[in-house]
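This report concerns the fold of one protein model and the contacts within it. The sequence and structure are shown first.

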Amino acid sequence: MKLLLQIFTWWNQQTIGTRFHTWRFGKRVGEHEFGNVYYQGGTDSEGRTRRWVIYNGPAEASAIPPGWHGWMHHRTDISPADEKYVAREWQKPHRSNQTGTPNAYRPKGSIAGAGERPRVTGDYDAWTPRS
């Protein structure tokens with residue numbers, strides 16, 4: 001079953017192509033508490049080292065913690081595994097994507113929430129006949 005998922009889907013961990021590329025070029029850099037594994041190897045068109053993640057479960061970018069996110073986007077060359085990264089007090093822990101759940105963010109006036117949207121300066125009154 002796992003093999004079929006890797007052949008026919010991209011959102012379940014890794015595809016066959018990613019598995020082969022990782023085996024051939026990837027150097028394991030580290031893993032974090034959610035089980036995602038980070039790799040690097042080769043260079044991109046700008047000459048930077050390629051970096052990628054193999055998710056432990058569905059591919060959800062919000063599951064990458066702040067330290068690893070900075071490393072993935074080349075904001076630092078030292079991986080969190082090498083520097084014993086500690087999140088700052090203002091960095092929130094991971095929370096799965098809440099879209100489509102009862103916990104989803106619904107601003108005041110949202111059609112999915114209660115209440116009426118407050119009027120703003122960008123609002124306009126549509127033209128109607130006899131007005």
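## Fold and local contacts

Helix α2 (residues 16–25) lies across β1, β2 and β3 and runs at about 130° to β3. Helices (H or I, at least four residues) and strands (E, at least two) are DSSP runs, numbered from the N terminus. Axes are lines fitted to C-alpha atoms, for helices over the stretch in contact, and angles run from 0 to 180 degrees between N-to-C directions. Contact means heavy atoms within 4.5 Å.

The model is predicted: local features need pLDDT of at least 70, side-chain atom pairs count only at pLDDT 80 or more, and totals for chains, interfaces and linings use all residues. Residues are numbered from 1 along each chain as its sequence is written, and side-chain values use heavy atoms, with hydrogens and water left out. The chain has an average pLDDT (the predictor's confidence in each residue, from 0 to 100) of 82, and 87% of the residues score at least 70. Confidence in the chain is lowest in helix α1 (residues 2–8), with a mean of 67, and highest in β1, at 92.

The sheet is open and consists of 3 strands in the order β1-β2-β3, with antiparallel pairing. β1 and β3 stand at the edges with a single partner strand each, so one side of each has no neighbour in the sheet. From one strand to the next, the twist averages 30°. Two strands pair if DSSP finds at least two bridges between them. The two pairings are set out below.

| Strand pair | Bridges | Direction |
|---|---|---|
| β1 (residues 27–31) and β2 | 4 bridges | antiparallel |
| β2 and β3 (residues 49–54) | 5 bridges | antiparallel |

Strand β2 (residues 37–43) is largely enclosed by the rest of the structure, because 5 of its 7 residues are buried (under 20% relative accessible area; exposed is over 50%, partly exposed in between, with a 1.4 Å probe and protein chains only). Val-37 in β2 stands opposite Glu-31 and also opposite Ile-54 in β3. Tyr-38 stands opposite Val-53 in β3. The hairpin of β1 and β2 has 5 residues between the strands, and Gly-35 takes a positive phi near 90° there. β2 and β3 also form a hairpin with 5 residues between them, where Gly-47 in the turn has a positive phi of about 85°.

The largest nonpolar core has 8 residues: Val-29, Tyr-38, Val-53, Tyr-55, Ile-64, Trp-68, Trp-71 and Met-72. Helix α3 (residues 66–72) gives the most to this core, with 3 residues. Such a core is a set of buried Ala, Val, Leu, Ile, Met, Phe, Trp, Tyr and Cys residues joined through side-chain atoms within 4.5 Å. Not counting residues up to four places away in sequence, Val-53 touches Asn-36, Val-37, Tyr-38, Ile-64 and Met-72.

Gln-91 is found in the segment after α4 (80–83). Gln-91 counts as buried because its relative accessibility is 18%. The side chain of Gln-91 makes a polar contact with the side chain of Tyr-85 at 2.8 Å, and the side chain of Gln-91 reaches the backbone nitrogen of Arg-88 at 2.9 Å. A polar contact is a pair of N or O atoms within 3.5 Å; within protein, one must be able to donate a hydrogen and the other to accept it, and residues adjacent in sequence count only if both atoms are side-chain atoms.
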